[in-house]
Amino acid sequence: MKKAILWILLIIILAVGSFLTYLQMAFPKAGEIPKFTITSSPEKIERGKYLATHVAVCIDCHSTRDWNLYSGPIVPGTEGKGGELFDEQLGFPGKIYARNITPEGLGKISDSELLYIISTGVRQGNRAMFPVMPYPNYGTLDIEDVNDLMAYIRTLTPVKNEVQESRLNFPMNLIVRTIPKPAQFTKRPNPSDSLAYGKYLITMASCSECHTQAVKGEKLPGMDYAGGFVFTTPWGKVHSANITPDEETGIGAWTRAQFIAKFKTFDNEKAKNIPMKPPYSEAYFNTIMPWTMYAGMTEQDIGAIYTYLKTVKPVKNKVTKFAAN
């Protein structure tokens, strides 16, 4: 009997070992690192700055935000320095740190390697990243936009900041290797096609990542853009808004002008300096939403996102935006 148990345990150990070896050897499957050289010009850098600051908001996650102010505007001088922690309290499976993307942090990473990291989520050493940085979305963008993002990032002021390595919980530390896929770049739609362009922009902005409920990193089916994602913060539990076109609980009753105005309310210096202090309440609480960054989008771009959102499936989901811890 003991021998039988030992044989069973040995078989299990060998099977697990074989599976882990397979994961390490066969994944990630993201294709070859492309040969790529960034093309740069003042116009491309300016376009990249616009995308990195107001649409993809790379600068949001890779900088230090001042949570003493409403919506946590960026602390000047920290742009790209990294170090922001995304952990279990915020709904992530482990401790994930935003990398230092200034020239000091990127070091000798080539243009080809940088493109590969951004568009597939695979770092040097064949290491797969958890998609806090939504690389599955970035891998579907126009490569010219990704080029411009990188051109801008290369111009950031170098900041010395050693960032801790991310650590994922089991089993996500294994599952993560199956997430990266080869990039499938597309062509940016003409802005005159507001619907297609809005879908493109909302993909770049990755709105669904925060506005769709998820359990252990897996989005709940049928809840796209319906809000309710919980962020546990020092000031309370903040829930993302329902931005589906549901008339009662979403933005179904909003006009295009109202949607644009909501963002543009924060497009000024005063909005970047709204102090936040206890006690917090439903009427007076801070938010994860980087309003002051998205507010810099053009009205045309915000309007295109509205056009797209009006076409998604309405989901009735009443969200209580704030709850005390």
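Contact here means heavy atoms within 4.5 Å, a cut-off that applies at several of the stops below. This is a predicted model, in which local features need pLDDT of at least 70 and side-chain atom pairs count only at pLDDT 80 or more, while totals for chains, interfaces and linings use all residues. Residues are numbered from 1 along each chain as its sequence is written, and side-chain values use heavy atoms, with hydrogens and water left out.

**Ser112 and its surroundings**

Select Ser112 to begin, and show helix α5 (residues 111-120), in which Ser112 lies; helices (H or I, at least four residues) and strands (E, at least two) are DSSP runs, numbered from the N terminus. Leaving aside residues up to four places away in sequence, Ser112 touches Ile33, Pro34, Lys35 and Phe36. Its side chain reaches the backbone oxygen of Pro34 at 2.9 Å. Ser112 counts as buried, with 13% relative accessibility, where buried means under 20% relative accessible area, exposed over 50% and partly exposed in between (1.4 Å probe, protein chains only).

Next, select β1 (85-86), β2 (residues 94-97) and β5 (167-168), which form an open antiparallel sheet in the order β1-β2-β5. Two strands pair if DSSP finds at least two bridges between them. The edge strands are β1 and β5, each pairing on one side only, and 2 bridges join β2 to β5. Within this sheet, Gly94 stands opposite Leu168 in β5.

Then move to the other sheet, an open antiparallel arrangement of 3 strands in the order β8-β9-β10. Here β8 (230-233) and β10 (322-323) stand at the edges with a single partner strand each, so one side of each has no neighbour in the sheet. Between β8 and β9 (residues 236-239) there are 4 bridges in the antiparallel sense, and Phe231 stands opposite Val238 in β9.

**Aromatic rings**

Now show the side chains of Phe92 and Phe130, both of which are buried. The structure holds 11 aromatic pairs, counted where rings of Phe, Tyr and Trp (its six-membered ring) have centres within 6.5 Å, with planes under 30 degrees apart taken as stacked, over 60 as edge-to-face and the rest as tilted. The ring centres of Phe92 and Phe130 lie 6.5 Å apart and their planes stand at 85 degrees, so this pair is edge-to-face. Phe92 sits in the loop between β1 and β2, and Phe130 in the loop between β4 (127-128) and α6 (135-138), 38 residues apart.

For a cluster linked by ring pairs, select Tyr70, Trp254, Phe259, Phe263, Phe266, Trp291 and Tyr306.

**Two cysteines**

Finally, select Cys61 and Cys210. A disulfide is counted for a pair of cysteine sulfur atoms within 2.5 Å, and by this rule the count comes to 0. The sulfur of Cys210 is 7.9 Å from its closest cysteine sulfur, in Cys61, which is too far for a bond. Cys61 is partly exposed at 24% relative accessibility, and Cys210 is also partly exposed, with a relative accessible area of 33%.

How values were computed
Polar contact = N/O pair within 3.5 Å; in protein donor to acceptor, adjacent residues only side chain to side chain.
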